[in-house]
Amino acid sequence: MYTPKIRNMKRKQFESLKNNGIENIYKLISNYVEIDELEWEYCCNSFKSTFFPKKSILLNQNEICSKIFFVAGGLLRIYYTDEKGEEKTFHFCLEGTFGVDYESFLKNIPSSFSIQAVEDTLVIEVTFEMLQTLYSTVRNGEKLGRLITEDYFFILNDKIKAFYMHSPLERYETMNAKFPTLLQRVPQYHIASYLNISSVHLSRLKYASKIKNTPND
């Protein structure tokens, strides 16, 4: 889909991002299971690409998450709003990864999270119906679904363990290893929220990490 919403993005750039996104989806699926040309052609015909300007909301908390958003270009933030009305960042989704509240998506229940575009972002959308058809059409479809679910569980598990077992500095350095460009792309208050610390504490962690990783003369 190419619409006037795409502002300064030219059609050629849009198509390039879309094609890169589809290629990355193919790589992602291939990492899980084997898929032949006919199966992949069927999948490609089902994909829909959509552009979201910076700060757009793709999913609101308490809505049902009816789509998986695969990031072809840009950056998504998954967050929730607590009882005080404060936003708490849970996860970031860079190019080649996907944003979704998987429990809401699978169970058709209200989402615990919101999803926002931190940058101008092009996503490839996969609906629940499309995914079920893919599972039944691709030879190893059920295995694909199981492995994707397991990976989503590991994301949640790693997040929980980080809060209870790792220091703020360890969480900061793990974030840098996992998302090496994040500090240049995301407002500092979102990063502080993701690490569950204050912005002042984040500044101290940056300095501590720099000192720790500076080689001695």
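Axes are lines fitted to C-alpha atoms, for helices over the stretch in contact, and angles run from 0 to 180 degrees between N-to-C directions. Helices (H or I, at least four residues) and strands (E, at least two) are DSSP runs, numbered from the N terminus.

## Basis of the model

The model is predicted: local features need pLDDT of at least 70, side-chain atom pairs count only at pLDDT 80 or more, and totals for chains, interfaces and linings use all residues. Residues are numbered from 1 along each chain as its sequence is written, and side-chain values use heavy atoms, with hydrogens and water left out.

Helix H6 and helix H9 (residues 199–212) pack at an angle of about 75°, and their axes are 10 Å apart. H6 and H9 are therefore roughly perpendicular to each other (angles under 35 degrees count as roughly parallel, over 145 as roughly antiparallel, 65 to 115 as roughly perpendicular and the rest as oblique). On the H6 side, the contact (heavy atoms within 4.5 Å) is made by Pro168, Leu169, Tyr172 and Glu173. H9 supplies His201, Leu202, Leu205, Lys206, Ser209 and Lys212. The residues of this contact of H6 with H9 divide into 5 nonpolar, 2 polar and 3 charged. For these classes, Ala, Val, Leu, Ile, Met, Phe, Trp, Tyr, Cys and Pro count as nonpolar, Asp, Glu, Lys and Arg as charged, and the others, Gly among them, as polar.

H6 (residues 168–178) also meets helix H8 (residues 188–195): the two axes come within 10 Å and cross at roughly 120°. H6 and H8 are therefore oblique to each other. The crossing of H6 past H8 is right-handed (left-handed if the near helix is turned anticlockwise from the far one by less than a right angle, right-handed if clockwise). Arg171, Tyr172 and Met175 of H6 make this contact with Ile191, Tyr194 and Leu195 of H8. By class, the contact of H6 with H8 has 5 nonpolar, no polar and 1 charged residues.

H8 and H9 pack at an angle of about 90°, with axes 9 Å apart, and that makes H8 roughly perpendicular to H9. From H8, Gln188, Tyr189, Ile191, Ala192 and Leu195 meet Ser199, Leu202 and Lys206 in H9. The contact of H8 with H9 has 5 nonpolar, 2 polar and 1 charged residues.

## The sheet E2-E7-E4-E5

An open sheet of 4 strands has the order E2-E7-E4-E5, and its pairing is antiparallel (two strands pair if DSSP finds at least two bridges between them). Strand E2 (57–59) and strand E5 (87–93) stand at the edges, each with a single partner strand, so one side of each is left without a neighbour in the sheet. From one strand to the next, the twist averages 30°.

Strand E4 (residues 76–81) is joined to strand E7 (residues 114–117) by 4 bridges, and the two run antiparallel. In E7, Ile115 is the bridge partner of Ile78, and Ser114 stands opposite Tyr79. E4 is joined to E5 by 6 bridges, again antiparallel; Leu76 has Cys93 as its bridge partner in E5. The hairpin of E4 and E5 has 5 residues between the strands, and Gly85 there takes a positive phi near 85°.

## H8 on the sheet

Helix H8 lies across E4 and E5, running at about 95° to E5. The Phe92 and Tyr194 rings are tilted, 5.2 Å centre to centre with 55° between the planes. Rings of Phe, Tyr and Trp (its six-membered ring) pair if their centres lie within 6.5 Å; planes under 30 degrees apart count as stacked, over 60 as edge-to-face and the rest as tilted. By this rule the count comes to 11 aromatic pairs.

## The sheet E1-E8-E3-E6

Another open sheet has 4 strands in the order E1-E8-E3-E6, with antiparallel pairing. Its edge strands are E1 (48–52) and E6 (98–99), each pairing on one side only. E1 and strand E8 (residues 121–127) pair in the antiparallel sense over 5 bridges, and Ser49 stands opposite Ile124 in E8. Helix H4 (residues 128–137) lies across strand E3 (67–73) and E8, running at about 60° to E8.
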